[in-house]
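Me: I have a model open and would like to learn how to read it. Could you walk me through it?

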Amino acid sequence: MIDIDILIVGAGPAGLAAAIQAKTAATAAGREISVVVIDKAPSAGSHVLSGAAFESACLDDLVPGWRTMRNSFTETMVPVERDEMLFLTGSKAITIPKKVVPSRMHHTGDVVISASRMTQFLSEQAEKAGVEVFHGTTARTLIVEDGVVRGVRLAELGLAADGSPKGNHVPVEEIRARVTILADGTHGTISTQYIERFGAGKGPQSFALGMKAIVQFQEASPFGNNRVVHTLGYPNKPSTFGGGFMYAMGEKTVAVGLILGLDWKTGDLDPQREFETWRAHPAIAAMLKGGIVVATGAKTIPEGGFFALPTLSAPGAMITGDGAGFVNLEKIKGLHYAIRTGMAAAETAVGALGADGAVGSLDGYRGRLEAAGVMAEMHHARNYRQVFKLGLYFGTPMSLVSSFLPGRLGMHTDGRATKVGARVRRADPGRMDGATFVSLTGTIHREDEPSHITIPNPDACIACERDYAAACTNFCPGDVYRWDGAKIVLSPSNCLHCMACSSKCPVANITWVAPEGGEGPHYKQL
Amino acid sequence: MHVIVLVKQVPDVSNIPEDAWDREKGTLRRGLLDSVLNPLDLHALSFAKMLTAGDPDAKTIYLTMGPPQARDVLVDCLSRAPGEAVLLTDRAMGGADTPATAYSLAQGIRRIERELLGGSRDYLIVTGMQSVDGDTAQVPPQIAEDLGIDQIAYVQGVELTPKLKFRRIGATGIEDVIPATFPTLVTITACMDTLYSGFHASRAARKSNIHIWSAADVEAAPDRIGIKGSRTTVYRIFSPSEDRAKTCEMVTDPAQLVAKIKAKYRLATGGPAVHEEGAYALEGRTAMYHGPFWVLAESEGDDVKTVSLEILGKTRELAQFLGEKVGVVLPAASVSDELAASLIAHGADTVYAIEDPRLAEFNALRWKAAISALVLEHKPQVMLFGATPLGRELAPRIAYASDSGLTADCTKLEIGDFKANVAILKQTRPALGGNIMATIMTKDSPTQMATVRPGVFKIPPPDPTRKGEVVRIKPNLPDVPVSTVIPIESFTSKVSIRDAKILVSGGHGIRNRADFDRLLNPLAGGLTALLGDDAKVSASRHAVEDGFTTHDYQVGQTGQTVAPRLYMAIGISGAVQHISGMQMSDTVVAINKDPRARIFNYADFGIVGDLETVVPALTRAAQEAAR
């Protein structure tokens with residue numbers, strides 16, 4: 001017997017928006033439906049990380065009256081009043097005049113939020129609405145029968161390092177539902193299986209990696225409040241896509257981050273070191289003087305854009321948010337899409353649930369996204385990221401007109417972008433080390449479980465070490481990989497679940513599966 | 001055999017977001033912390049499942065007391081292992097300290113026995129060894145005291161047949177205990193795999209029926225619950241000093257470093273920093289409590305334990321401020337004149353030697369009976385115990401039996417003004433996993449009681465000319481059924497790194513396991529010879545991950561928290577998670593090739609250099625100096 005009407009995989013902004021909206025839509029239709037959300041994270045929001053300068057209008061539709069509610073999310077929200085873009089050279093910062101920055105890239109009117117806190121808030125709202133939310137629950141396999149998605153199978157629990165069951169073993173469980181909404185985020189395990197089964201987009205998906213830190217001050221910060229700054233240039237080579245951000249989260253707190261397109265060419269590039277190098281830039285360091293880093297995190301961002309969007313609906317399932325690639329790289333924003341796509345999927349699902357237990361077509365999902373303006377915005381930004389393949393100096397001006405370029409510019413997968421022998425040879429800026437960065441994410445995994453990261457062909461690593469400087473030992477912000485002189489040694493308990501390794505390994509030789517539930521980072525205010 | 005599992009909802013102290021701190025007030029905004037099932041209770045759940053396995057008639061009943069949202073932890077329990085659940089919730093029960101909590105839970109247990117177990121006495125009460133927010137371990141012995149039953153603390157294993165037998169960490173070593181009667185209360189240490197909550201079990205648990213009982217439902221007397229029933233009150237909460245920022249003295253010559261280590265080691269006391277308090281004088285003020293200051297002494301053969309002498313020295317100082325006498329209570333089979341004289345020399349005015357052959361071995365019920373009779377007769381204003389396994393089991397019972405407040409694990413004691421012109425004993429202890437400090441005062445009690453962490457206070461030099469009296473007492477001991485105790489392994493054969501006075505800790509800077517052993521073991525040997533205390537080898541997380549040694553020897557957030565007198569950090573960079581595990585060490589020496597390594601910020605002495613040359617040179621220097 002199937003007693004779950006809608007199963008949502010992933011309790012991030014997209015999944016919880018879907019859950020809340022499903023309850024709202026059902027109530028409006030005078031119906032009672034059961035909605036279940038599952039997530040691998042230990043608690044609400046602990047795997048959610050974003051900038052985040054947030055276009056908050058979507059929340060007015062999802063949770064009317066949210067602005068007047070008092071909670072840890074709204075109390076730490078800061079409206080943006082000043083918005084600047086800087087170009088960094090090795091020692092200087094040049095303000096890019098407002099007129100040159102396209103209006104779509106202005107952030108005044110946004111609010112700076114903690115996406116993790118917003119997720120905690122949405123989780124509470126969902127539970128209030130009668131949604132069943134389960135954390136520490138890892139989906140491993142999409143169940144597809146006769147071409148119809150029926151739900152998911154979970155990870156088995158309590159395995160010893162050799163894979164044998166321990167005394168507390170729980171076998172694989174199945175969750176079956178009438179409609180499954182996929183919201184498991186960037187490079188999500190279930191979304192990836194869905195895309196393989198039901199069809200990827202015309203263009204390949206590619207990713208950027210975002211590194212983030214919360215900087216805390218004893219007194220008011222030199223950076224100031226109600227301010228956001230984006231930077232281009234240093235420390236990136238012109239061939240590396242990326243930029244920095246600084247968002248005020250109140251008088252004494254600044255969120256800072258560096259986003260790098262994963263298609264960088266140098267095997268020895270260490271994004272955490274790049275982040276530290278960026279923070280050491282005189283202009284950035286001056287704005288952060290006296291602050292201490294109290295929390296860190298890293299996560300990939302899908303940046304394939306419009307052409308990388310997969311088949312959006314299949315019999316019994318829809319795909320939403322980052323898992324589908326709903327991110328606008330022109331605005332570097334995905335949160336509002338997560339919420340909009342979640343809501344649209346929920347409305348579609350509720351409409352398709354027949355009273356007799358039958359489920360109608362979910363193909364109306366795309367139409368709802370078009371009506372919400374999501375598809376048009378995605379289309380507008382379709383080539384923004386792609387032109388940066390041309391490099392910063394040509395790409396930047398091209399990006400301003402990219403929306404007028406006809407058709408589609410090509411991109412290929414991130415790992416293959418790494419060039420044999422290419423090196424960035426970045427000097428150690430002598431700041432935070434990798435171990436400290438990892439410990440500030442609060443990540444933890446059971447030490448005696450089977451590794452959730454595997455290297456199918458260790459021989460391939462030898463060539464990679466020679467050609468690409470054992471790229472994983474550099475690109476992983478969790479310091480999971482170490483080269484011991486002959487092979488890669490893994491520390492899977494360090495893993496930040498950022499998913500960089502799933503696309504950046506130059507020899508495509510890393511398999512990442514979600515570990516048993518309740519593990520990974522513990523983001524609280526990222 | 002039925003099982004009642006006691007659980008508690010606690011704030012998640014393992015992961016405190018930065019903005020949950022109110023740095024100005026030095027307090028934590030509890031609202032920003034997640035609420036979770038006390039992690040140490042998870043072991044009790046696994047244990048309960050083991051006890052009831054294979055017995056279809058055995059019932060498991062989860063019991064907690066808390067606000068209505070404490071229901072969540074009962075749902076968590078039910079999703080891990082099936083059973084029934086009871087939530088004691090009542091506004092009047094809020095703000096309870098340990099005796100008020102113990103009383104309420106004992107009343108709940110009485111009703112469970114009557115109604116859910118059909119009057120059967122064939123059950124065990126099982127709980128975690130302590131809660132991670134309070135860390136007092138006082139509630140379980142006080143529940144046992146209220147119910148008049150035995151307690152078996154720090155259990156780590158069980159044999160079900162032929163006779164129920166618990167393996168536990170006793171005061172002197174590992175031992176097996178066969179309980180004499182039922183029910184018995186058992187507290188569990190970390191010893192087994194945590195039960196998971198599967199999806200379908202969790203879903204069913206959320207929909208299950210939970211008994212919700214108020215104070216009236218369990219016939220709890222209104223004056224014994226909540227704030228009214230509490231015997232302590234929090235005077236102040238503040239933040240422990242943020243970073244123990246040290247000035248690291250850089251040394252180049254290993255021989256010079258050895259000399260410095262040796263000189264500093266002699267001065268060091270180990271453990272948390274010693275608080276030198278200014279004297280207190282009454283000067284016209286009145287004391288809130290009256291009567292002598294007492295100390296419970298623990299003996300080991302013909303010697304008094306170090307911790308008892310540490311507390312005695314401090315008590316002498318505090319008593320003088322108020323012009324009071326100092327009494328020492330010492331239960332034993334017999335107390336020699338030399339032992340009594342030594343206690344007087346260390347500060348006692350009166351030694352109460354409670355002598356009976358049945359007191360030769362520690363038994364909480366007998367000792368409590370003997371000591372609390374004396375306490376009720378003399379009504380000391382202060383009574384202090386060592387926070388030893390014995391003290392932590394005994395003190396809660398004596399406090400409960402004498403209706404006195406008790407503060408656990410104090411690291412600071414002072415006489416101070418409670419309000420204008422009234423002096424009181426201020427008892428300061430770490431709470432919330434060491435994240436905050438709390439100063440606590442006793443209220444509505446005949447005696448202010450506290451347990452004190454070993455190693456916090458210095459032993460003042462004895463004065464053999466001091467005079468005192470020895471009162472020998474023949475106690476009136478109750479005829480209690482006594483559990484059978486079978487010693488298994490003595491602690492002297494196995495010293496954990498937590499107890500080591502010297503730790504030589506290796507990290508990522510050491511290349512392989514052979515080097516780890518080759519470099520560190522001789523250095524530990526050299527330091528042992530130099531300083532006369534046994535040096536142990538420990539490791540950072542990296543070194544453990546690299547297989548240099550096992551997790552038992554790991555120092556840090558996910559390993560052990562240590563506070564040795566000397567901590568040698570060899571090739572350790574000083575990640576936050578490592579620092580949090582060793583920053584209470586008295587003297588820290590760092591050796592690292594990277595002069596910017598964070599560990600130097602936490603070290604007293606440092607050498608920058610290649611481990612391969614520095615460590616053997618240091619070892620040789622230590623060996624030579626030891627000759």
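Reply: Gladly! Two residues are in contact if their C-beta atoms, placed from the backbone, lie within 7 Å. This is a predicted model, in which local features need pLDDT of at least 70, side-chain atom pairs count only at pLDDT 80 or more, and totals for chains, interfaces and linings use all residues. Residues are numbered from 1 along each chain as its sequence is written, with chains lettered from A and ligands numbered from 1 in the order in which they are written.

Me: How many residues of chain A are in contact with chain B?

Reply: 30 residues of chain A meet 22 residues of chain B. Strands (DSSP runs of E, at least two residues) and helices (H or I, at least four) are numbered from the N terminus. Among the elements of chain A that each give at least two residues to this side are strand S15 (207-216) and helix H13 (434-439). The largest share, four residues, is from S12(A).

Me: And what is a nonpolar core?

Reply: It is a set of buried Ala, Val, Leu, Ile, Met, Phe, Trp, Tyr and Cys residues joined through C-beta atoms within 7 Å; buried means 20 or more other C-beta atoms within 10 Å of a residue's own. The largest core here has 279 residues, and A:Ile8, A:Ala18, A:Ala349 and B:Val5 have the most contacts inside it. Helix H9 (residues 335-352) of chain A gives the most, eleven residues.

Me: Which residues does A:Ala349 contact, leaving aside neighbours within four places in sequence?

Reply: A:Ile6, A:Ala22, A:Val179, A:Ile181 and A:Leu362. Apart from this core lies another of 52 residues, including B:Val504 and B:Met582.

Notes:
A residue is buried if 20 or more other C-beta atoms lie within 10 Å of its own, exposed if 12 or fewer, and partly exposed in between; C-beta atoms are placed from the backbone.
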